[in-house]
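Good morning, and thank you for coming. Please take a look at the model on the screen, and I shall then go through its two chains and the contact between them.

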Amino acid sequence: MFEILSSFEIALGLITHADAELWGIVWLSIELSVVAAVIGGAMGLPLGAIVGIARFPGRRALIVVLNAMLGLPSVVVGLVFYLLLSRAGPLGEWGLLFTPKAIVIAQAALVVPIVAALTRQVIEDAWAEYAEQMRSLGVGTARAVRTLLWDTRFTLFTVGLAGFGRAASEVGAVMVVGGNIDGVTRVMTTAIALETSKGDLPLALGLGVILIGIVLAVNAAAYGIREWSARRHG
Amino acid sequence: MADGAPLLEARGLTVVLGGVRALDGLDLALAPGLRTIVLGANGAGKSVLLRTLHGLVAPTAGEIRWHGNGRRARQAMVFQRPVMLRRSALANVEYALAVAGVPRPVRESRARDALGRVGLSAVAGRSARVLSGGEQQRLALARAWALEPEILFLDEPTASLDPGAAAEVERVVAAIAAAGTRIVMTTHNLGQARRLADEIVFLHAGRATEQTAADRFFEHPLSPEAEQYLKGELPWK
Ligand SMILES: Nc1ncnc2c1ncn2[C@@H]1O[C@H](COP(=O)(O)OP(=O)(O)O)[C@@H](O)[C@H]1O
Ligand SMILES: [Mg+2]
């Protein structure tokens with residue numbers, strides 16, 4: 001018990017004294033997760049919107065695949081990208097394995113299904129409400145899609161935040177394709193895993209506290225945005 | 001229309017939805033210039049009729065002829081529950097105008113004009129979805145009216161409103177009719193039907209069992225179903 005408390009004390013010291021190693025890891029995590037969320041969101045959002053509105057053969061199968069990808073163990077996703085990006089793999093000549101870009105790719109791949117699934121739900125619900133009125137006004141499909149995306153923009157922004165949360169809390173895939181290289185591909189989650197296994201609890205705890213803080217802040221922001229938009233727009 | 005030909009004619013209109021014959025060989029002709037109230041028990045097919053005439057439901061059989069020559073009239077529909085976009089009241093009306101191809105420079109003035117006619121000028125800048133139910137329904141009427149439809153379908157537009165808000169909506173519907181739009185409306189409020197109707201179309205089991213001038217209908221309905229309905233004896237389906 002005493003050891004945990006003293007570790008916690010040292011951890012808070014690391015945070016408040018702006019330990020360079022710790023903050024380097026934190027910034028890299030945030031940077032990569034933001035980029036991954038933007039890329040994954042840019043792919044998942046239109047995918048979810050199309051599946052939510054359009055009716056085409058194979059739509060149900062696509063929904064099942066997307067939902068299944070939500071539950072895919074991220075280590076397996078990491079393994080797939082490891083094989084793709086490794087020297088002998090089909091994308092090996094890009095030389096991306098064990099670089100931050102590899103981390104972004106794996107994270108983005110994990111963000112796509114969650115953003116697509118949440119977007120589909122949001123768009124489908126809105127479409128169920130709007131469809132008849134829109135058809136009555138003579139709104140064409142392209143305009144209907146634009147209108148739905150614009151009308152649900154605040155909710156969709158919180159979907160993007162959920163994507164960021166997914167990317168930032170990811171361990172397995174990031175470990176496999178990033179390699180957890182000190183100063184290059186070591187992010188919060190992989191650092192926590194490593195330091196804990198080495199027994200360096202203060203650094204692990206310090207990072208853990210910050211990671212929880214980020215996740216809390218993101219969720220609070222999402223909640224605030226939803227509340228505000230409900231009050232403002234109904 | 002000067003020749004008195006019907007604005008709209010339906011022949012043998014049949015609509016099957018999920019195995020249910022919601023409309024069953026319905027015949028109906030709507031002369032121009034009148035206010036028609038469609039009455040009938042729950043499940044008689046009133047909503048399906050309006051949605052089919054408006055083009056939201058494809059008939060399984062039968063035909064709908066506009067002006068006797070096939071050109072679809074400029075039309076709009078107001079539903080029991082208005083659906084508003086998450087933007088201002090004014091922007092909601094402007095949106096409908098944009099979809100209808102009204103050039104941008106005149107949209108705002110036409111939209112403001114329509115809001116003024118339904119008494120919503122003061123809330124033009126407010127977000128539409130935070131308006132009261134009565135205000136949202138009047139906004140739906142403004143959105144429809146701004147399109148200057150030749151015919152306006154209204155499906156129980158006051159069913160979810162308190163009496164005061166319902167009276168406001170009724171006043172607006174009467175004004176839209178007075179301005180020259182053909183009204184086809186359903187309601188379960190017989191007082192409202194008496195006040196608004198020039199003619200009554202009575203539906204029973206997916207057919208129009210009678211189409212009678214309003215004053216005659218309320219005195220002497222022709223079909224036994226309508227007589228029972230007026231006495232409040234028709235069992236709720
Ligand atoms: N989408 C639908 N699927 C199946 N049945 C429907 C559908 N819409 C309406 N119906 C049926 O059609 C009949 C007429 O419905 P409706 O026009 O809504 O009646 P109302 O006169 O009360 O407006 C009812 O029996 C109703 O259950
Ligand atoms: Mg109905």
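Let me begin with a definition: helices (H or I, at least four residues) and strands (E, at least two) are DSSP runs, numbered from the N terminus. This is a predicted model, in which local features need pLDDT of at least 70 and side-chain atom pairs count only at pLDDT 80 or more, while totals for chains, interfaces and linings use all residues. Residues are numbered from 1 along each chain as its sequence is written, chains are lettered from A and ligands numbered from 1 in the order in which they are written, and side-chain values use heavy atoms, with hydrogens and water left out.

I turn to chain A. Its secondary structure comes to ten helices and zero strands. Along the principal axes, the C-alpha trace of chain A spans about 65 × 50 × 25 Å. As to confidence, pLDDT is the predictor's own value for each residue, from 0 to 100. Chain A has a mean pLDDT of 92, with 99% of its residues at 70 or more.

Chain B, in turn, has eight helices and nine strands. Its radius of gyration, taken over C-alpha atoms, is 18 Å, close to the 18 Å that the globule rule (2.2 Å times the number of residues to the power 0.38) gives for 237 residues, so chain B is as compact as a globular protein of that length. The mean pLDDT of chain B is 94, and 95% of its residues reach 70 or more. For the model, the scores are ipTM 0.92 and pTM 0.87.

Leu56(B), Arg86(B) and Tyr95(B) supply 32% of the area that chain B buries against chain A, more than any other three residues.

Finally, the salt bridges, each a side-chain nitrogen of Lys or Arg within 4 Å of a carboxyl oxygen of Asp or Glu. There are three between chain B and chain A. The side chains of Glu132(A) and Arg51(B) meet in a salt bridge, at 2.7 Å from N to O.

Definitions and conventions. Buried area = accessible area lost by both parts, 1.4 Å probe.
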